[in-house]
Amino acid sequence: MLKYNILEEIRVTEKEEIDLQKEYIKKVRDINKNKKLKYYILTMGCSLNENDSEKLCGMLEEMDYSKTENFEEANFIVFNTCCIRENAEDKLFGKLGEVKKAKKENNAIIAIGGCMMQEEHILEKLNKSYPYVDIIFGTHTLHKLPEDVYKILEGTNKKIEDVLDIDGKIYEDLPIKRVDNIKAQVTIMYGCNNYCTYCIVPYVRGRERSRKPEDIINEIKGLAKEGYKEIMLLGQNVNSYNGGKNYNFANLLKDINKIEGIEKIRFISPHPKDFTDDVIEAIATSEKVCNTLHLPLQSGSSNVLKAMNRKYTKEQYLKLVEKIKNRIPDVALTTDIIVGFPGETESDFEDTLDVVRKVKFEQVFMFIYSRRKGTVADKMENQIPEEIKHKRFDRLKELVESQIKENNQKYIGTIQKILIDGTSKTNENTLSGRTDSNKVVVIEADKKYINQTVNVKITQDCMWYLKGEIV
């Protein structure tokens, strides 16, 4: 087994590393020539994982693998894992059991990457119970997939464990196969410095590293030339982006706003403690930046927020919301809330409900707290019983759903500028797109409007989506 040691080779620059991987791509392509091989990929987790998977797909297709949605016919199977939720582990190990047959019948290479591979107990279980896994790579070694594949195909190594437990570098110019032809995700930074007590991310993705502004701008300009119209900026904490020389997230938003061809700019996820006035001003004055902001609350209780190490209070959060709404009157706010964090009292939970009532979020992503090994919160003694967590979750859900109906009414009769991104998921005879506030709108219209931005009059509220007609 090969476990990559950073001292084994001196790879001087990121560019030299990528040039080396391009050479491995050519070598694998020569091996795979005329073989008509297929790959299957399963992505678990967040938008950052999805963006990583686009790069994995790009590298695999450069190596002459074509994508299949059926793992039973795949010659290469890759799982890009997430470790935010406990059931992610169960899902991975269940899938590994399913693909064992494909491994035998197709002589398939099985690779597992992503956040979960940065956890020692996962690696131990894989090595002990799933010896047929060929390649294990972490969040900092994704770019080395071509090298790993080549060494397996050539027989140099029977098994490769390519995981770094230090912060990785940023590698530009990786091949990428995007899943959409009009909307693109662009990662602007990696890692996190916040160490929220419930979160494993800083331990598996490392400390914050920001891409150079020119690399981000050039990537988006290239996307605009290819016909992409909407950009989603990604990072664990985008508003702590640091481009050097006093160049921050506000500067980046304003520069992307100037790129010809780009019509909509979105971003996730900011942190309330870093939401500075210049970022609010950049959003307010940049016409392409959508007026929806995802502002994770996690809890409305100052006591729980302190235990979570969120570094803001209930009062500070509400003051920030007020400031944002005063400067961007038509803003739509969405949020994340964790129910049942260790030590959460009934009074603490009522504080969360109070914030929800006052802010009237457009959408709330609700989660029941689940323990994650390796986090501070997992070691807290005052864990909340499952029955209480579920009852509180139901109460929050009831409140949120009652507000959705109210929020939807403000759209009826309004004209919204909608980028039509395709047909509806439930009806191919209708089109769909999203408002600037990220509300799904379903429209009965000709398919010629797909990939166009049109004015749509909102005519009906359907709870989880709106209906409209082109005007």
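Which residues line the second largest cavity? They are Ile18, Gln21, Lys22, Ile25, Met59, His143, Pro146, Asp173, Leu174 and Pro175. Helix α1 (residues 14-32) gives the most to this lining, with 4 residues.

Before going on, a word on the model. It is a predicted one, where local features need pLDDT of at least 70 and side-chain atom pairs count only at pLDDT 80 or more, while totals for chains, interfaces and linings use all residues. Residues are numbered from 1 along each chain as its sequence is written, and side-chain values use heavy atoms, with hydrogens and water left out. The pLDDT (the predictor's confidence in each residue, from 0 to 100) averages 92 over the chain, and 97% of the residues score at least 70. Over residues 1-11, however, the pLDDT is below 50. Where pLDDT is low, the predicted coordinates should not be read in detail.

**Cavities**

A cavity is a set of points on a 1 Å grid over the protein atoms alone where a 1.4 Å probe fits but cannot get out; its lining residues have an atom within 4 Å of a point. The structure holds 2 cavities of 30 Å³ or more.

| Cavity | Volume | Lining by class |
|---|---|---|
| Largest | about 220 Å³ | 5 nonpolar, 5 polar and 5 charged residues |

Of the 15 residues that line the largest cavity, the closest to its centre are Asp52, Thr139, Leu142, Lys169 and Tyr190.

**Buried parts**

Pro146, from the lining of the second largest cavity, is also one of the buried residues of α5. Buried means under 20% relative accessible area, found with a 1.4 Å probe on protein chains only. Helix α5 (residues 145-153) is largely enclosed by the rest of the structure because 8 of its 9 residues are buried. Just after α5, glycine 155 takes a positive phi of about 80°.

Is aspartate 336 buried or exposed? Aspartate 336 counts as buried, because its relative accessibility is 15%. This residue lies in strand β14. Leaving out residues up to four places away in sequence, aspartate 336 touches His294, Pro296, Leu297, Gln298, Phe365 and Phe367; a contact means heavy atoms within 4.5 Å.

**Nonpolar cores**

A nonpolar core is a set of buried Ala, Val, Leu, Ile, Met, Phe, Trp, Tyr and Cys residues joined through side-chain atoms within 4.5 Å. The largest one has 69 residues, and Leu233 and Phe249 touch the most other members. A second, separate core of 31 residues includes Leu42, Ala74, Leu96 and Tyr132.

Conventions. Helix = DSSP H or I, 4+ residues; strand = E, 2+ residues; numbered from the N terminus. Buried < 20%, exposed > 50% of the residue type's maximum accessible area, 1.4 Å probe, protein only. 1 Å grid on protein atoms, 1.4 Å probe; cavity = no way out; pocket = protein on both sides within 12 Å on 5 of 7 lines; lining within 4 Å. Points joined across faces, edges and corners; volume = space filled by probe spheres on them. Nonpolar A, V, L, I, M, F, W, Y, C, P; charged D, E, K, R; others polar.
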